[in-house]
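Please keep the sequence and the coordinates at hand while reading.

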Amino acid sequence: MLLIRNGRVLDPATKTDATLDILIEGDRISRVGPELDARDTEFFDARGLIVAPGFIDLHGHLREPGGEMSETIETGTKSAARGGFTAVCCMPNTQPVNDNASVTRSIVERSAAAGAVRVWPIGAASMGSKGEALAEISAMKAAGIVAVSDDGKPVATARLMRQVMDYCTPLGLPVIDHCEDPSLFAGGVMREGPNSLKLGLPGIPAASESICVGRDIEMALLTGARLHIAHMSTSGSLAYVRAAKRNKLRVTCEVTPHHFTLTDEDVRYDTNYKMNPPLPSRADRDALIAGLADGSIDAIATDHAPHHPASKDVEFDRAPFGVLGFETALALGLTELVDSGKLSLTRLVELFTTGPARVLGLERKIAAGEPADLTIFSTEHTWTYRTADSPSKSRNSPFDGRSFRGAPMATVVAGRIVYRR
Amino acid sequence: MLQRLSHLLGTENLTREQIAFILDQAKPFQEFQRHPLKKLATLRGKTVAIAFFESSTRTRISFTTAASRLGADTMALQAESSSLKKGESLIDTVRTLEAMRPDGIVIRHASSGAPEFVAQRLEIPVLNAGDGTHEHPTQALLDALTIRDRKGKLEGWNVTILGDILHSRVARSNIHVLSKFGVKITLCGPAMWVPRELEKLAPGIRVVHCIEEGLRGADVVMVLRVQTERIHEPALAPDEYISQFQLTPARLKLAQPEALVLHPGPIVRGLEIDSAVADGPQSGVLEQVTNGLAIRMALLYHLIGGAAADAPHPAKDRTNASD
């Protein structure tokens, strides 16, 4: 038994914002109320802290199997726990690609054995994510996938997207797409604009993303499928998503912390500023923040993308895309969105909890009988993020050395404290 | 007080005073090229690593000759024969070179930012001999020297740069140099190679897509090479380029009567420039090559020789000549 006492319980699902105690028995919440009394119980004093439903990350790369030089399920989930995440959806672009039930099962088993937090695999949409034949989606669903995606690249063609959507709809699986038009992307390494021109780095126009978002929404209209836009980074994409939502399509989207924090003007010859989608223009960044505030964007997802140090210690155009994300996500949300007055704290919590849960068709709330997954954080605690201290195997973050106010203080998964600051 | 350079990574961050200083330092080296015995002892005992990760003839020979005429030894690495072909990373390659204790390294690389990447990781001065589509600072400095010689000054001219600006490191470096001297810069070429947003690169830039408009009133015309072997996308039929953008004698008449024509070379005669213009009296093409030596000698002397800015100039102090 674990009693979390005197925390400010902030649960968007039940619209709770009050100082309450939470009693956990086994892996579930047994009681929620003021000044609970319990004997022979482990206590956690949450006075001055926020107690929220467990954070869910819809988008992470744990690199196992096949990329263990950069990350493993063990190191990645330890890093996620430090970031306050109680569940991580891991993308299928492993080696081999998670396109069949045996890979899914191995991820599920490794996670059960070595994972610090829950791992919810996402299956490939096509075999090998090659954009040709459909992956073994039903079998993977039986093995535990929560969505499908060919992340790292878009579902190759509109025709394939239509087939994937048709197939996934009766299975109740959302289709997550990494939206880009390969012909416009064309070897680019950062957002096209004045800074790409100055640095002489090949630019990717914003339309590369939005044109594909438009395509996918057309396919969602045709099929009625659940479509989720991964790591959305442009105002053009957001306009398409808003229109789809107005038309009652089942379309959702996520934004990463680096896309609401940094812009293309921050890019320099430092491969920790190289990610895909690339950092947005300032106008697009501001539009994304507005979308996070007004509810057009459903979730904050990290796109945690570890790359081992040697692979990033190369010329900018030769480096792989991607940055670490788990451990800075909440702190960036608090500093960039809440402290700046653009979002309420409740809205931020929603974007880490009920928002991503709804994308997956789940409910997340703090109530008796619910799984005891909780994220306990401080809005005041000051700290400095140092990649050298991270349990991740990689160090590729543009936020190394940055000081923050606000941090996860404890992460509770299935009734166990898996991380405590 | 003049801020000493520790590297030459580009012209963007050079001050006007630093540029003027480099051009002044190059002057005596320019005259030195006419001397029968072209060898100084200034950098005797020093070694310059010449690391060309991308093929080049003229810039490599120019740097090698500049080092040699200053008395330095060179060690050369060329892309074709390098360990890069065996999968060695850039950082490992340059650290290996550094372990042989050169006093400076000249880098040409296909990746924008590669010299800066190297400079952040090595202790020795790094000279950028052209990086991707970013900068080619020595080319812009030699262009500036050529303009100053021919036109008496740099300030206030109208300079038109003609061709594929988007993919040109020469254009970028020239923009950064010239804009610091109040030059009015016109960028001209096919619209997909000359995006409007280039106007934000520096003050005083105008983008036009019609060659007649681009040439009108120009005091200097810089013609860029059409690099048929790579990077232009989409490819443009040569005949289309010739008909719309070739610098012909007739078109050159739209510029000022004494307009100077420059080209970073190598020239593709009959494509971007008509032979009559390339070889005509207004062409400064061969002076550019000679001035390249002078500029590179000045930079190697400044960065590797380590002399104070007010030290006697080595090319003037003939007691310094090698025996």
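The model is a predicted one, in which local features need pLDDT of at least 70 and side-chain atom pairs count only at pLDDT 80 or more, while totals for chains, interfaces and linings use all residues. Residues are numbered from 1 along each chain as its sequence is written, and chains are lettered from A and ligands numbered from 1 in the order in which they are written.

Taken as a whole, chain B comprises 11 helices and 9 strands. Its radius of gyration, taken over C-alpha atoms, is 19 Å, close to the 20 Å that the globule rule gives for 323 residues, so chain B is as compact as a globular protein of that length; the rule itself is 2.2 Å times the number of residues to the power 0.38. The C-alpha atoms of chain B fill a box of roughly 55 × 45 × 35 Å along the principal axes. Of the 323 residues in chain B, 47% are buried, a residue being called buried if 20 or more other C-beta atoms lie within 10 Å of its own, exposed if 12 or fewer do, and partly exposed in between, with C-beta atoms placed from the backbone. Among the contacts in chain B with a separation of 6 or more, 74% link residues 24 or more positions apart, where contact requires that the C-beta atoms of two residues, placed from the backbone, lie within 7 Å.

Chain B is divided into domain 1 (16-136 + 288-320) and domain 2 (137-285), with bounds that come from an automatic or database domain assignment. The centres of these two domains of chain B, taken over C-alpha atoms, are separated by 26 Å, and the contact takes 22 residues from domain 1 and 25 residues from domain 2 of chain B. On the side of domain 1 of chain B that touches domain 2 of chain B, helix 1 (16-32), strand 4 (126-131) and helix 11 (285-305) each supply at least two residues, and the largest share, 7 residues, comes from helix 11 of chain B.

Chain A, too, is divided, into domain 1 (2-50 + 370-420) and domain 2 (55-359), and 25 Å separate the centres of these domains of chain A over C-alpha atoms. Here 29 residues of domain 1 of chain A are in contact with 42 residues of domain 2 of chain A, and strand 17 of chain A gives the most to the side of domain 1 that touches domain 2, with 7 residues. Strand 17 of chain A pairs with strand 16 of chain A in the antiparallel sense over 8 bridges, and in this pairing Phe377(A) stands opposite Pro408(A) in strand 17. Strand 16 of chain A is also joined to strand 5 (residues 50-53) of chain A, by 4 bridges and in antiparallel fashion, with Val51(A) opposite Ile376(A) in strand 16.

Val51(A) leads on to the largest nonpolar core, which has 115 residues and in which Ile22(A), Val51(A) and Val148(A) have the most contacts; such a core is a set of buried Ala, Val, Leu, Ile, Met, Phe, Trp, Tyr and Cys residues joined through C-beta atoms within 7 Å. Helix 12 (residues 329-338) of chain A gives the most to this core, with 6 residues. Domain 1 and domain 2 of chain A both give residues to this core, so it lies between them. Apart from it lies another core, of 107 residues, among them Ile19(B), Leu43(B), Ala51(B) and Val106(B).

Between the chains, 19 residues of chain B are in contact with 14 residues of chain A. Helix 4 of chain B gives the most to the side of chain B that touches chain A, with 3 residues.

Note on methods: Pairing = 2+ DSSP bridges.
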